[in-house]
Amino acid sequence: MLRPPLYLTPPSTEPIRAEMRAGRLGAIITPAQGNRIPAEGMVGIDNGVFTGKYPGRKKFLEWLRQLRDKFDVEKRCLFVAAPDVVGNAYETELLARPMLEEIRKLGFPAGLVAQDHMELSAWDPWDEADCLFVGGSTAWKLSPAAANICRVASSLWKHIHVGRVNSLFRYRHAAHLMDADSVDGTYLTKAPDKNLPKVLSWRKKVFTSSAFFGHRLLTSDPWDGGYVLVPPREATQLDLFDALS
(Lines give C-alpha, C1' and ligand atoms only; values in the text may rest on other atoms or scores of the structure.)
Protein backbone atom coordinates (compact mmCIF):
# COMPACT_ATOMS: atom_id res chain seq x y z
CA MET A 1 0.00 0.00 0.00
CA LEU A 2 1.36 3.39 -1.00
CA ARG A 3 2.09 5.68 1.92
CA PRO A 4 4.09 8.89 2.27
CA PRO A 5 7.66 8.22 3.42
CA LEU A 6 8.71 9.91 6.66
CA TYR A 7 11.05 12.80 5.85
CA LEU A 8 14.13 12.86 8.11
CA THR A 9 16.06 16.07 8.66
CA PRO A 10 18.39 17.55 11.30
CA PRO A 11 16.32 18.85 14.26
CA SER A 12 17.64 22.36 13.75
CA THR A 13 14.72 24.67 14.60
CA GLU A 14 11.78 24.65 17.00
CA PRO A 15 9.14 24.45 14.21
CA ILE A 16 10.95 21.42 12.80
CA ARG A 17 11.18 19.81 16.23
CA ALA A 18 7.46 20.45 16.71
CA GLU A 19 6.73 18.53 13.49
CA MET A 20 8.92 15.71 14.79
CA ARG A 21 6.88 15.57 17.99
CA ALA A 22 3.73 15.41 15.87
CA GLY A 23 5.15 12.54 13.79
CA ARG A 24 5.14 14.43 10.47
CA LEU A 25 8.96 14.60 10.33
CA GLY A 26 11.77 12.46 11.73
CA ALA A 27 15.30 13.32 12.82
CA ILE A 28 18.54 12.22 11.19
CA ILE A 29 21.70 12.32 13.29
CA THR A 30 25.39 11.97 12.35
CA PRO A 31 28.53 11.80 14.53
CA ALA A 32 29.69 15.26 13.45
CA GLN A 33 26.29 16.89 13.90
CA GLY A 34 25.78 19.31 16.77
CA ASN A 35 22.03 18.74 17.10
CA ARG A 36 20.78 16.74 20.04
CA ILE A 37 18.25 13.95 19.64
CA PRO A 38 14.78 15.49 19.98
CA ALA A 39 12.67 14.43 22.95
CA GLU A 40 10.08 12.73 20.73
CA GLY A 41 9.80 11.30 17.24
CA MET A 42 11.60 8.76 15.09
CA VAL A 43 15.36 8.89 14.54
CA GLY A 44 17.68 7.65 11.80
CA ILE A 45 21.44 7.55 12.38
CA ASP A 46 23.84 8.08 9.47
CA ASN A 47 27.56 7.39 9.55
CA GLY A 48 28.85 10.64 8.02
CA VAL A 49 30.70 8.97 5.13
CA PHE A 50 28.98 10.96 2.38
CA THR A 51 30.09 14.28 3.91
CA GLY A 52 33.58 12.99 4.67
CA LYS A 53 33.02 13.02 8.44
CA TYR A 54 32.94 9.35 9.37
CA PRO A 55 35.03 9.11 12.56
CA GLY A 56 36.25 5.56 12.01
CA ARG A 57 35.06 2.24 13.40
CA LYS A 58 36.20 2.60 17.01
CA LYS A 59 34.93 6.15 17.55
CA PHE A 60 31.68 5.45 15.71
CA LEU A 61 30.86 2.47 17.94
CA GLU A 62 31.78 4.42 21.06
CA TRP A 63 29.50 7.27 19.95
CA LEU A 64 26.67 4.76 19.49
CA ARG A 65 27.24 3.39 23.00
CA GLN A 66 26.86 6.89 24.40
CA LEU A 67 23.83 7.57 22.21
CA ARG A 68 22.11 4.38 23.35
CA ASP A 69 21.41 5.82 26.80
CA LYS A 70 19.87 9.05 25.50
CA PHE A 71 16.65 7.74 23.91
CA ASP A 72 14.46 4.66 23.55
CA VAL A 73 16.32 2.87 20.75
CA GLU A 74 13.83 0.01 20.42
CA LYS A 75 10.82 2.29 19.91
CA ARG A 76 12.36 5.27 18.13
CA CYS A 77 15.42 4.26 16.10
CA LEU A 78 14.78 3.41 12.44
CA PHE A 79 18.35 2.45 11.52
CA VAL A 80 22.06 2.99 12.04
CA ALA A 81 23.87 3.12 8.69
CA ALA A 82 26.95 0.90 8.63
CA PRO A 83 30.02 2.48 6.97
CA ASP A 84 30.06 2.48 3.17
CA VAL A 85 32.09 3.55 0.16
CA VAL A 86 30.19 5.93 -2.11
CA GLY A 87 29.50 4.38 -5.51
CA ASN A 88 31.12 1.01 -4.74
CA ALA A 89 29.01 -1.89 -3.45
CA TYR A 90 31.96 -4.27 -3.21
CA GLU A 91 34.12 -2.12 -0.96
CA THR A 92 31.00 -1.25 1.01
CA GLU A 93 30.39 -4.93 1.66
CA LEU A 94 33.87 -5.40 3.09
CA LEU A 95 33.34 -2.49 5.49
CA ALA A 96 29.70 -3.10 6.35
CA ARG A 97 29.49 -6.84 7.07
CA PRO A 98 31.43 -6.83 10.36
CA MET A 99 29.86 -3.52 11.41
CA LEU A 100 26.27 -4.70 10.87
CA GLU A 101 26.85 -7.28 13.59
CA GLU A 102 28.50 -4.74 15.90
CA ILE A 103 25.61 -2.31 15.48
CA ARG A 104 23.09 -5.02 16.30
CA LYS A 105 25.06 -6.04 19.39
CA LEU A 106 24.58 -2.51 20.70
CA GLY A 107 20.83 -2.89 20.32
CA PHE A 108 20.37 -0.75 17.20
CA PRO A 109 18.72 -1.80 13.91
CA ALA A 110 21.54 -2.18 11.38
CA GLY A 111 21.33 -0.40 8.04
CA LEU A 112 23.17 -1.51 4.90
CA VAL A 113 23.92 1.37 2.52
CA ALA A 114 23.22 0.23 -1.04
CA GLN A 115 25.75 1.39 -3.61
CA ASP A 116 26.37 1.08 -7.35
CA HIS A 117 26.50 -2.54 -8.67
CA MET A 118 24.95 -4.08 -5.58
CA GLU A 119 22.67 -6.01 -7.95
CA LEU A 120 25.73 -7.93 -9.21
CA SER A 121 26.96 -9.03 -5.80
CA ALA A 122 26.65 -12.68 -4.73
CA TRP A 123 26.12 -11.66 -1.09
CA ASP A 124 22.65 -12.21 0.35
CA PRO A 125 22.55 -9.55 3.12
CA TRP A 126 18.99 -9.89 4.34
CA ASP A 127 19.70 -11.94 7.48
CA GLU A 128 22.40 -9.45 8.49
CA ALA A 129 20.66 -6.11 7.90
CA ASP A 130 17.44 -4.62 9.24
CA CYS A 131 17.31 -1.67 6.85
CA LEU A 132 18.30 -0.94 3.26
CA PHE A 133 19.62 2.62 3.01
CA VAL A 134 19.77 3.62 -0.68
CA GLY A 135 22.87 5.66 -1.43
CA GLY A 136 24.99 5.51 -4.56
CA SER A 137 25.38 7.81 -7.52
CA THR A 138 22.34 9.67 -8.80
CA ALA A 139 22.33 7.48 -11.91
CA TRP A 140 22.26 4.26 -9.90
CA LYS A 141 19.79 5.56 -7.32
CA LEU A 142 17.29 6.27 -10.12
CA SER A 143 17.99 3.03 -12.00
CA PRO A 144 15.65 0.04 -12.27
CA ALA A 145 18.37 -2.01 -10.52
CA ALA A 146 18.09 0.07 -7.35
CA ALA A 147 14.29 0.01 -7.44
CA ASN A 148 14.29 -3.78 -7.81
CA ILE A 149 16.60 -4.24 -4.80
CA CYS A 150 14.26 -2.04 -2.77
CA ARG A 151 11.27 -4.17 -3.72
CA VAL A 152 13.12 -7.34 -2.70
CA ALA A 153 14.07 -5.81 0.66
CA SER A 154 10.53 -4.53 1.20
CA SER A 155 9.09 -8.00 0.49
CA LEU A 156 11.29 -9.26 3.36
CA TRP A 157 9.90 -6.57 5.69
CA LYS A 158 13.12 -4.55 5.77
CA HIS A 159 12.90 -0.82 6.39
CA ILE A 160 13.65 1.11 3.17
CA HIS A 161 15.36 4.48 3.49
CA VAL A 162 16.41 6.68 0.55
CA GLY A 163 19.01 9.42 0.89
CA ARG A 164 19.42 12.74 -0.96
CA VAL A 165 15.72 13.45 -1.46
CA ASN A 166 15.51 17.20 -2.05
CA SER A 167 12.56 17.59 -4.39
CA LEU A 168 8.99 16.44 -4.84
CA PHE A 169 10.18 14.45 -7.86
CA ARG A 170 12.64 12.46 -5.75
CA TYR A 171 10.08 12.04 -2.98
CA ARG A 172 7.54 10.57 -5.42
CA HIS A 173 10.19 8.37 -6.97
CA ALA A 174 11.12 6.98 -3.55
CA ALA A 175 7.48 6.39 -2.61
CA HIS A 176 6.20 4.90 -5.87
CA LEU A 177 9.14 2.99 -7.29
CA MET A 178 11.31 2.22 -4.23
CA ASP A 179 8.62 1.50 -1.63
CA ALA A 180 10.44 3.82 0.78
CA ASP A 181 9.46 3.99 4.44
CA SER A 182 11.64 7.04 5.06
CA VAL A 183 13.83 9.50 3.18
CA ASP A 184 16.25 12.28 4.06
CA GLY A 185 17.79 15.32 2.43
CA THR A 186 19.33 18.73 3.00
CA TYR A 187 16.32 20.68 1.73
CA LEU A 188 15.40 21.95 5.21
CA THR A 189 18.93 22.96 6.15
CA LYS A 190 18.61 25.98 3.86
CA ALA A 191 15.82 28.45 4.61
CA PRO A 192 13.98 26.02 6.94
CA ASP A 193 11.12 28.44 7.71
CA LYS A 194 10.42 28.90 4.00
CA ASN A 195 10.89 25.27 2.97
CA LEU A 196 9.15 23.52 5.86
CA PRO A 197 5.60 23.99 4.45
CA LYS A 198 6.81 22.70 1.07
CA VAL A 199 8.24 19.49 2.54
CA LEU A 200 5.11 18.90 4.59
CA SER A 201 2.98 19.35 1.45
CA TRP A 202 4.87 16.52 -0.28
CA ARG A 203 3.07 14.02 1.98
CA LYS A 204 -0.23 14.87 0.26
CA LYS A 205 1.14 15.50 -3.21
CA VAL A 206 2.77 12.07 -3.38
CA PHE A 207 -0.71 10.65 -4.07
CA THR A 208 -1.58 13.11 -6.86
CA SER A 209 -0.15 13.94 -10.30
CA SER A 210 2.37 11.21 -9.79
CA ALA A 211 2.35 9.25 -13.02
CA PHE A 212 5.71 8.16 -14.35
CA PHE A 213 6.18 7.50 -18.04
CA GLY A 214 9.26 5.45 -18.82
CA HIS A 215 12.21 7.55 -19.95
CA ARG A 216 10.66 10.74 -18.57
CA LEU A 217 11.56 9.44 -15.13
CA LEU A 218 15.21 9.61 -16.05
CA THR A 219 15.22 12.86 -18.00
CA SER A 220 13.37 14.98 -15.46
CA ASP A 221 16.13 14.93 -12.86
CA PRO A 222 19.73 16.20 -12.71
CA TRP A 223 21.99 13.45 -13.99
CA ASP A 224 25.52 12.75 -12.84
CA GLY A 225 26.51 10.30 -15.54
CA GLY A 226 25.02 7.19 -17.11
CA TYR A 227 24.88 4.09 -14.97
CA VAL A 228 27.24 1.41 -16.28
CA LEU A 229 25.96 -2.09 -15.55
CA VAL A 230 29.38 -3.78 -15.74
CA PRO A 231 31.51 -2.99 -12.66
CA PRO A 232 35.17 -1.98 -12.88
CA ARG A 233 37.62 -4.89 -13.13
CA GLU A 234 39.25 -4.08 -9.79
CA ALA A 235 36.01 -4.82 -7.92
CA THR A 236 34.64 -8.10 -9.27
CA GLN A 237 32.74 -10.75 -7.35
CA LEU A 238 35.77 -13.05 -7.62
CA ASP A 239 37.95 -10.42 -5.96
CA LEU A 240 35.35 -10.01 -3.23
CA PHE A 241 35.18 -13.77 -2.64
CA ASP A 242 38.97 -13.96 -2.32
CA ALA A 243 39.01 -11.06 0.14
CA LEU A 244 36.40 -12.66 2.41
CA SER A 245 37.78 -16.22 2.31
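Helices (H or I, at least four residues) and strands (E, at least two) are taken here as DSSP runs, numbered from the N terminus. The structure is a predicted model, in which local features need pLDDT of at least 70 and side-chain atom pairs count only at pLDDT 80 or more, whereas totals for chains, interfaces and linings use all residues. Residues are numbered from 1 along each chain as its sequence is written, and side-chain values use heavy atoms, with hydrogens and water left out.

On this basis, the chain contains ten helices and eight strands. Of its 245 residues, 51% are buried, that is, under 20% relative accessible area, with exposed meaning over 50% and partly exposed in between (1.4 Å probe, protein chains only). Contacts (heavy atoms within 4.5 Å) between residues at least 6 apart in sequence join residues at least 24 apart in 60% of cases.

Strand S4 (residues 77–81) is mostly covered, five of its five residues being buried. Pairing of two strands requires that DSSP find at least two bridges between them. Strand S3 (residues 43–45) pairs with S4 in the parallel sense over three bridges, and Cys77 in S4 is the bridge partner of Val43. S4 also pairs in the parallel sense with strand S5 (residues 110–114), over two bridges; here Gly111 in S5 is the bridge partner of Ala81. Together with helix H4 (residues 89–105), S4 and S5 make a right-handed β-α-β unit; with the strands pointing away from the viewer, the path from the first strand over the helix to the second runs clockwise.

In soluble globular proteins, nonpolar side chains tend to be buried together. A nonpolar core is defined as a set of buried Ala, Val, Leu, Ile, Met, Phe, Trp, Tyr and Cys residues joined through side-chain atoms within 4.5 Å. The largest such core has 56 residues, of which Tyr7, Ile45, Leu64, Phe71, Phe108, Met118 and Leu132 touch the most other members. Apart from this core lies another, of nine residues, including Leu6, Leu8, Leu78 and Ala81.

Thr189 is found in the loop between strand S8 (182–184) and helix H8 (192–205). This residue is partly exposed, with a relative accessible area of 44%. The side chain of Thr189 reaches the backbone oxygen of Thr186 at 2.6 Å. Thr189 and Thr9 are 180 residues apart along the chain, yet their C-alpha atoms are separated by 7.9 Å.

Key
Polar contact = N/O pair within 3.5 Å; in protein donor to acceptor, adjacent residues only side chain to side chain.
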